[in-house]
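Good morning, colleagues. Please take a moment to look at the model on the screen before I turn to a few of its local features.

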Amino acid sequence: MVLEMNSMDFKVGELLKEIQLNPLATKAIDRAVSSITDAINKIPNQDVVSEYASGFVRDLLVPSDKSNFKFKSPKSIRIGGSYSLRCVAKPDVNVDLLIRMPKECFHEKDYLNHRYHAKRCLYLCVIEKTLKSSPLVRKIEWKPFQNEARKPVLHLYTVVKDADLSEIIIRIIPTATSLFTASRLSITRNNIRSPTQGDTSRATPYYNSSILEDMFMEENADFVKNTFNEWKILEDALLLLKVWARNRASIYTHDCLNGYLISIILSYLATGPGGNQINKSMNVMQIFRVTLKFISSNLWEKSLSLGRVGQSRLSKEEKSHYLKAFPIVLYDVTGHTNLLFYMTRTAFTELQDEASWTVNCFEKCRGGGFEEVFMTKVDLAAKFDTCLRINLKGNVKVNASDICSDDGRWRSIEKDVQSVLQQGLSDRAKLVRVIWRSAPVNWIIKEGYGKLGEEPLLVGLLLNSQEKCFRVVDIGPHTENNDEATKYREFWGEKAELRRFKDGTIAESIVWECSSWQRHLIIERITKYVLSKHFLISQEDIVCVVDQLDFCLHLGGKDPISSSMRLLEAFETLSKRLRLLEDIPLRISSVQPLDPAFRHMAVFPPEPHPLVYKKGITKKILKLATTCIEPLTVMIQLEGSGNWPLDAKVIASTKAAFLLKICESLQDHWGMHTSAAENEFNVLMDGYAFSLKILHERSLNLLRKDGNDYIKGKRYVDEELFFRSQHSSMINGLHGRYPAYGSAVRLAKRWVSSHLFSSFLEEEATELIVAYLFLRPFPFHAPSTRITGFLRFLRLLSNYDWAFSPLTVDINEDFTSQDEWEIHENFMASRKLSEENVQNLKPAMFLASTYDKKSEAWTKISPNDEILRRMAAYAQSSADLLTKLILQGQNGPYTWECLFRTPMNNYDAVVLLHREKLSYPHHLLFPSTISHGRPVIHGSASKDFQSFIEQHDGGSAQRFVDASQLLVNFDPTRFFLENLKEEFPETFGIWYDSLGGDAIGLTWDSKKRKRDGNADGEASLINTLKCVGELGKGFVKSIYFVKPPKMHA
């Protein structure tokens, strides 16, 4: 624990050094700010007319004669924000210049009807016109302040260049100190009296707070600056909190948290009003924790204040008005305004959850949680289980809403969308987060609000348990409750219907009929229905990220996982029959399924084969049935006996004899079709093939005693059976705890295979990596949907520190400190062994689990460093693309399918196979094409093997009359690869897709070629490829020579 604390302190110190500005950068910024300030102060007095921002003034409904004024220089210009506190956190270098507008530019009643906002904008127009000609300013942009369109600010992009900085932005922010009497802006008053507002007696708390914020901005800035004065640790704590918040995109936004608000919270905690919870004896991490605990506390349920206790200027009645008007209240230092008036209840709930979860992260994460808290990006795409993009451009309801309403059109729509979705989803969603950054990237202020709202509105959903979020029936109010039932029908419209339930109650209800494998689509159906009904949005304008990757898991438009129940039933029947066998020397004590299909993690779980049934049992006849049938491994253990031999080879022969007898008994007792060959004993029943294996502990102990469980990279059968048994037992329970785990694993496996990594990463290794995401999800919560789980898998694969850290999968969360120490020691020993023997197999991925603390099961020989780097690079590229697809949608050639298309130019040679000769051609995702490289050979397809058996509709199907019709465990690709490895050992690396790909990538082993002195030219390599083609004659379609090997010095 002490080591973790020391490590955390060191990392935090290094992080602070990295994000702080150096003195040279500070001097460059100071010079730029000084020049900008001088330029503004030199602006001459002049008449300002509404035409400077004609569209903006027009959209605010302010008459020209009420917006014209005489410009005068600012009363003062000062630096505010983080830069004034020496707390700018790179890479975002923003400097706030607070420009105090003179009172002479305003009329005493300009607080009414957006006149203040119109003149505020026009004042900035004069400044913009002057600064455009400044040699220090490269570009000027208009941006809404806190996404409030009626309060734009200027962003100046300076030409200051510093090696330490990527970009310097100076924000020109007007202030309105002493412009109006604060009482006239009380939140109980109505100050928007235009005809479109309607009821003039309705209070305008958001509009009033918008002006009050500008009036007291400087006083609040002084309070913060005085608190931070000569308190270096507090400055460091602010920097850390900004890094933490900035990494969490959905809380570091206009309706939640920003750097200014963080400094306010720290100032509150460090002074009397906050009980001096922060003091100068604390270190930076103590302050960080105290702040997060305060944010996550229930103290916010009542109003808080920066003013001294007992000196509030507001009466109890006025305070009650604030609590009614705003979900969260923190009075500023003057007591006149709520600093959190823009914060929504949903945003604050999310903020509290993030703060609480981060505190939890410190206690549960390896190394104190530094990576998870400060370095991991928690964006919308990876955080939320489901994201929606809603195009509201030109929407009738949006256009009909009032631009000049109390909190503005766009904020009102945000709240309305959140309310409708929350009501529609009810307890299916823990959190519905709506964010609409309404301003365009290049906002032309003269055009007013015309371009605002063209960006899509984003919605993030954090889902509840699978039982809740994917239920088929929603039960509404009972018929006796007329008022509630009427509201329910008004909300749901034609979807609502009266139903009588089993307990006799009659209630309003909504039914979302679908198959079990389609339940993940219910969320999409609900959101699209309620948004279309209440906002008149077309289905095409709503994109719900739910099923976009289902294409890579479906066969014939259906998910084969739907057949899993029949598979489990068939296995149960087999298991019972095996246990009932009495005519074998030793009774069967246990039967365990080992194949991923049994635990819902096979990408393509086998569907019942129409030919694998007893005679007389009629099943639906398909015109085409696959010739090949994949057997599913089932492990058998026999009752104990002292008569087993002690020689490993004799044990293997004994097990073969047992399996042969078991097959005969099954055939005699139940007429089951069985097949036996060397080391392979299969049972075909109820549409499936099962491969029987026996695990005997004595054989396993003999292997361990010999101390060598690998021969040329291949594990002994008993060792593999043991690990598969342990793995299957451990993983099976995880699918019950996290229903989304299985589908996330299937996507991950599909991705691994699609990019031809099947040779290097075992399926079980993929399952463990994905399991880690569910068991140790920090800084996230465990994912509830497949796409979110898949994105996090890609990021983990690309970002994890594989070279210096073991990945520990603690399924039952019962690892002790001794276990963790043992895993660490095993990891260090494996790294030391690799360093000492460069010729030794160098595994780069260390996966530790309850049954395998030495990482011997799945990653002992592969992937090595080079392959893992390649895998990580592919994963990073795919993760970046997937994030863009979720948040921005498809753009040009970059589609969802691109995630599973692999570039073929990264190999030295490419072998294309005849698609119709693959064992399961329908599993092929995309036919491979080569647009580069030199063709070496073209081969014709063999007529000896057909992938499908043609059946006829007019009569019963032939069932096992001729068993040779079905090929059990036959995969041409696998056999071809085995022949390649045997014929060309260590000649090249082989990359392939085990799930039905039609391309094989080859990479030359240039180090071996140089070591052997075999550095011939291209002719030799071409001859080798021709031999490869000859080896695969009838199966290989063509071979392309892409590039020669790189010779290493």
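Predicted model: local features only at pLDDT ≥ 70, side-chain atom pairs only at ≥ 80, totals over all residues.

Strand 6, residues 148-158, is mostly covered, with 11 of its 11 residues buried; buried means under 20% relative accessible area, exposed over 50%, and partly exposed in between, with a 1.4 Å probe and protein chains only. Strands here are DSSP runs of E of at least two residues, and helices are runs of H or I of at least four, numbered from the N terminus.

Residues are numbered from 1 along each chain as its sequence is written, and side-chain values use heavy atoms, without hydrogens and water.

What are the partners of strand 6? Strand 5, residues 137-145, runs antiparallel to strand 6 and is joined to it by 8 bridges; two strands pair if DSSP finds at least two bridges between them. Within this pairing, K143 stands opposite V153 of strand 6. The two strands form a hairpin with 2 residues between them, and Q146 in the turn has a positive phi of about 55 degrees. Strand 7 also pairs with strand 6 in the antiparallel sense, over 4 bridges, and there I170 is the bridge partner of L156.

Two further residues have a positive phi without being glycine. L756, at about 65 degrees, lies in the loop between helix 25 and helix 26 and is buried, at 4% relative accessible area. E813, at about 55 degrees, is partly exposed, at 45%.
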